[in-house]
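Thanks, everyone. I'll take you through a few spots in one structure. Please have the viewer open.

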Amino acid sequence: MEKILSIGVAAYNVQDYLEECVNSIVNTDAARKIELIIVDDGSRDNTKVISEKFCEMYPDIIRLVSKENGGWGSTLNSSIAVATGKYFKQLDADDMFITNNLMSFIDFLEQTDADIVFSKYQSFSDETGEVIAVIDPFSKGIPYKGYVKDLPWDILVLMHTIAVKTELLTQKPINITEHCFYTDVEFVIKALNRCKTYAGIDAIIYSYRLDRVGQSVSIEGKRKHYKDHEKALKENLYFYKTELCDELKGLVSNRIKRMIDYNYEILFILEPNKEHKKMLTEFDMYIKNDFPEFYDNVGKKVKLLRISKFVLYTCIVKINTKMKSK
């Protein structure tokens, strides 16, 4: 049977979550039209063993790609390379899909011809399972069908909300940065650059787990991988400057601005020392010199830091860290 949706599952040391993730997809009639590609990124736990068992149970649905560790971007590159479905959607193995909505989603993808399809997603607590928020890209009355260039700049285009025509990603490999965290925005931007038309479905598809220990978006994750965030941001800025089509500059600039703000926030939670202060001043100068269009659009803490000529650096970081730890 023709596969309508290829789902790339990024799996690294997720033995405690993989079964729930996979079951959210295979336990529905929609599964027969889904190709589930689990990419084991060199896991050191039982992720590969669990994946192999699922492949035996669902040979017409699930396939396993085993590889050396290369980071989230490498799992995306690997799954796109073998994807055969009409559309492609990424899923992290510690997250899941909303099972009851998958059939209507597959039906929608089968009928539409849009380059990119948007859907809602929800976040939930790892500790309690309680839904924290539901994010709707079309909450502001945006039409559910149209041209990507006409989308408002403030629409939330996130990895969790999109499915992209597979052929747009495979005709010329999209190549997401490997051995680096925070590359989901890179995928979104590079995918958008290949899309002309969009459609939206009023359904929650993706369920995003929050507050898991070790996540890159956790406090400890940010402190551990802060260099990766700047690396990922600079890749996006370079693409924005050199390859992004002009008609998408407004839409993408809003997403990059959010990432710039996030990078300052990460630098504000690091231990206040000379090395980190130098990183902050050099990053600020980089934005000023290379991307002046983003320089003035920053928060109060950054503006105060600039006014003080970075004299208030230690004071601002200590206050910010204290507030974040509450």
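Let's start with T183. It sits in the loop between α5 (166–170) and α6 (184–192). One thing before we go on: this is a predicted model.

So, is T183 buried or exposed? T183 is buried, because its relative accessible area is 1% and the cut-off for buried is under 20%. What does T183 touch, leaving out residues up to four places away in sequence? Four residues answer that: W72, G73, I176 and T177.

Now follow the chain into α6. Its partner here is helix α9, residues 249–267. The two axes come within 11 Å and cross at roughly 170 degrees. That makes α6 roughly antiparallel to α9, since the angle is over 145 degrees. From α6, the contact uses V185, I189 and L192. From α9, it uses L251, V252, R255, I256 and M259. By class, that contact has seven nonpolar residues, no polar ones and one charged.

Helix α8 and helix α10, residues 274–290, pack at an angle of about 5 degrees. Their axes are 13 Å apart. So α8 runs roughly parallel to α10; the limit for that label is under 35 degrees. On the α8 side, the contact is made by Y226, K227, E230, L233, K234, L237 and K241. On the α10 side, we have E275, H276, M279, F283, Y286, I287 and D290. The classes here are seven nonpolar, one polar and six charged.

Stay with α8, residues 226–242, and move to the second largest pocket. Which element gives the most to its lining? Helix α8 does, with three residues. The volume of this pocket is about 200 Å³. Its lining includes K172, P173, I174 and N175. K190, N193 and R194 also line this pocket. So do E235, Y238, F239 and E243. How do the lining residues divide by class? Four are nonpolar, two polar and five charged.

Rolling a probe the size of a water molecule over the atoms shows where empty space is left.

Last stop, G129. Find it in the loop between β6 (116–125) and β7 (131–135). G129 counts as partly exposed because its relative accessibility is 45%, and the exposed class needs over 50%. G129 and C55 are 74 residues apart in sequence. From C-alpha to C-alpha, G129 and C55 are 27 Å apart in space.

That's my tour. Over to you.

Definitions and conventions: Residues numbered from 1 in each chain as written. Predicted model: local features only at pLDDT ≥ 70, side-chain atom pairs only at ≥ 80, totals over all residues. Heavy atoms only, no water. Helix = DSSP H or I, 4+ residues; strand = E, 2+ residues; numbered from the N terminus. Buried < 20%, exposed > 50% of the residue type's maximum accessible area, 1.4 Å probe, protein only. Contact = heavy atoms within 4.5 Å. 1 Å grid on protein atoms, 1.4 Å probe; cavity = no way out; pocket = protein on both sides within 12 Å on 5 of 7 lines; lining within 4 Å. Points joined across faces, edges and corners; volume = space filled by probe spheres on them. Nonpolar A, V, L, I, M, F, W, Y, C, P; charged D, E, K, R; others polar. Axes fitted to C-alpha atoms, helices over the stretch in contact; angles between N-to-C directions. Parallel < 35°, antiparallel > 145°, perpendicular 65-115°, else oblique.
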